[in-house]
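Let's take a walk through a protein together, one stop at a time. Have a look at the sequence and the 3D structure below, and keep them at hand as you read.

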Amino acid sequence: MVFDFLVGRSGDLAIDLGTANTLVFAKGRGIVVNEPSVVAIATRGGKPQILAVGEEARQMLGKTPESIRAIRPMRKGVIGDFEAAQAMTAYFIKRAAKGRGLRRPRVVISTPQGATPVERRAIREAAEGSGAGQVFLIEEPMAAAIGADLPVTSPRGSMVVDLGGGTTEVAVLSLGGITNAVSVPVGGDDFDEAIHGYVRRVHNVAIGEATAERIKREVGAALSPDPQDELTVQVSGRDLISGVPKAIAVSESEIADSLTEPVFAIVEGVKSALERTAPELAADIVDTGLVLTGGGALLRRLPDAIRAATGLPVSVAEEPLTCGVSGAGRALSELKTLKTVLQD
Ligand SMILES: Nc1ncnc2c1ncn2[C@@H]1O[C@H](COP(=O)(O)OP(=O)(O)OP(=O)(O)O)[C@@H](O)[C@H]1O
Ligand SMILES: [Mg+2]
C-alpha cells in the first residue's frame, strides 16, 4: 500500500476546477474531461434538478426561460455556489471513472494561490462529497508550472503567470515550493466585461456574454496591431436606440483599446511579484524569463505587453489551457519527486 502510494496508482485523477473550464486528467489516459464550468438547473416544482453540465449547459447561458437557471458555480477562481460546484465535480468524476469500476479514486485538485483556508476547505469538501477517496490539494500556479515543464524542484527560480477566467496568478517557484506570489483579481471574464461595456458605449449595441467572449477570441489583443494586419469581426446584438437586432463590425484596435485597464492590472501584478522576488531568484528569472499559462495567455500580443513593461523574456506554454491539469496529474503520478508540491 505504501509502495502503491509512492509510485502512483491507475485510477488517480487530477481535477482543475476553473472559473471558465473544468478539466479532469486520468493517470494513463490523459485528459478525459474538458468542459465549461457551467451547470443548468431546473427550478420548477420542489427539488432543484440538474438538466445539463458542461458544454450543453454553456449553450443555455443567457437563453434560459424562468424555470431553468444556467449557473457558473466558480467565480474568481473560488466556489461561488457550493451545491452546483459539488454537483458538477461529482458528474465529471463519475464520467472520468465510467466503465472502469473506479471506486473512490485518489484525487488531486488545484486551488488558487489566493484562496483562503475556508475556500480551500470548500474545494476539498466538494471533491470528498463527489466520490473521491484520498484528496490532495495543489496550488494552481504550481500545477501550471509543472505542466509547462518548468524546473520547479530545482534550486532555480521560475516565474509563471496563469491567466484564467477569473484571476491571474503570478508566482515564483523554486525547490518545489512557491517563494512569492501575487493574485490579481482580473482574468478573462474581465476582458469579456470590458468588451461588453465598450460595444455598448461606442456602438450603442447590447451583446451577450458569449458574444463578448467570441469577439475576444477572434480579434482580442493586448496592444494594437499594425494597421495593415488589422482583424475585424462581425457580431450582432440589440441596438440600444431602436431596440431591434443589429449587426456591427468590431476591429482589433478597438478591442485593444477596450482592454487597456485589465491588461494594465495584469502587468502591474507581474511587476509587483518581481519586486518581491529575492535577488538570486530574480537573477534566474532574468535569464529564463516568465511563462504564460491559462486561456488568457492566448490573447494576441499579451507577451509583448509584458515584455515591454518588464524587459524580461516572455513565452507562452505549449498547451496553455490544459497545462494546469496535466501538471497536477504529473504531481500525483510522480509523487516520489514531486511530493513537496502537494498538500494533504
Ligand atoms: N484565444 C483566446 N484568446 C483570449 N482568451 C481566450 C482564448 N481562448 C480562451 N480564452 C479565455 O481563457 C479563459 C479560460 O482560461 P482557463 O481555462 O485557463 O481558465 P480557468 O482555469 O477556468 O479559470 P481560473 O483559473 O481563473 O479559475 C476564458 O476567459 C476564455 O475566454
Ligand atoms: Mg485555471
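A residue counts as buried when its relative accessible area is under 20%. With that in mind, turn to helix 5 (residues 140-147) in this predicted model. Helix 5 is mostly covered, with seven of its eight residues buried. The buried ones are Glu140, Pro141, Met142, Ala143, Ala144, Ala145 and Ile146.

Now step back to see how the chain is divided. Domain 1 covers 2-37 + 72-143 + 323-343, domain 2 covers 148-186 + 262-316, and domain 3 covers 188-260. Between the centres of domain 1 and domain 3, taken over C-alpha atoms, there are 35 Å.

Next, find helix 6 (residues 188-203) and helix 7 (residues 209-219). How do they pack? Their axes are 8 Å apart and meet at an angle of about 105°. Angles of 65 to 115 degrees count as roughly perpendicular, so that is the word for helix 6 and helix 7. On the helix 6 side, the contact is made by Gly188, Phe191, Asp192, Ile195, His196 and Val199, while helix 7 brings Ala212, Glu213, Ile215 and Lys216. The residues of this contact divide into five nonpolar, two polar and three charged.

In soluble globular proteins, nonpolar side chains tend to be buried together. The largest nonpolar core in this model has 41 residues, and Ile215, Val263 and Leu290 are those with the most contacts inside it. This core draws at least three residues from each of domain 2 and domain 3. Which residues does valine 263 touch, not counting residues up to four places away in sequence? The list is Phe191, Ala222, Leu299, Leu302 and Ala305.

Threonine 293 lies in strand 17 (residues 290-293). Its relative accessible area is 0%, so threonine 293 is buried. Leaving aside neighbours within four places in sequence, threonine 293 is in contact with Ala144, Ala148, Val160, Val161, Asp162, Leu163, Ala317, Pro320 and Cys323. Ala144 is a residue you have met already, as one of the buried residues of helix 5. Threonine 293 and glutamate 319 are 26 residues apart in sequence, and their C-alpha atoms are 7.8 Å apart in space.

Apart from neighbours within four places in sequence, proline 303 is in contact with Leu292, Val314 and Val316. Proline 303 and leucine 223 are 80 residues apart in sequence, yet 9.9 Å apart in space, C-alpha to C-alpha.

Let's finish with backbone angles. Most residues other than glycine have a negative phi. Lysine 76, however, has a positive phi near 50°. You can find lysine 76 in the loop between strand 7 (74-75) and strand 8 (78-79). Is lysine 76 buried or partly exposed? At 36% relative accessibility, lysine 76 counts as partly exposed. Asparagine 204 also has a positive phi, near 55°, and sits in the loop between helix 6 and strand 14 (205-206). With 32% relative accessibility, asparagine 204 counts as partly exposed too.

How values were computed: Residues are numbered from 1 along each chain as its sequence is written. Chains are lettered from A and ligands numbered from 1 in the order in which they are written. This is a predicted model: local features need pLDDT of at least 70, side-chain atom pairs count only at pLDDT 80 or more; totals for chains, interfaces and linings use all residues. Side-chain values use heavy atoms; hydrogens and water are left out. Axes are lines fitted to C-alpha atoms, for helices over the stretch in contact, and angles run from 0 to 180 degrees between N-to-C directions. Helices (H or I, at least four residues) and strands (E, at least two) are DSSP runs, numbered from the N terminus. Angles under 35 degrees count as roughly parallel, over 145 as roughly antiparallel, 65 to 115 as roughly perpendicular and the rest as oblique. Contact means heavy atoms within 4.5 Å. Ala, Val, Leu, Ile, Met, Phe, Trp, Tyr, Cys and Pro count as nonpolar, Asp, Glu, Lys and Arg as charged, and the others, Gly among them, as polar. A nonpolar core is a set of buried Ala, Val, Leu, Ile, Met, Phe, Trp, Tyr and Cys residues joined through side-chain atoms within 4.5 Å. Buried means under 20% relative accessible area, exposed over 50%, partly exposed in between (1.4 Å probe, protein chains only). Domain bounds come from an automatic or database domain assignment.
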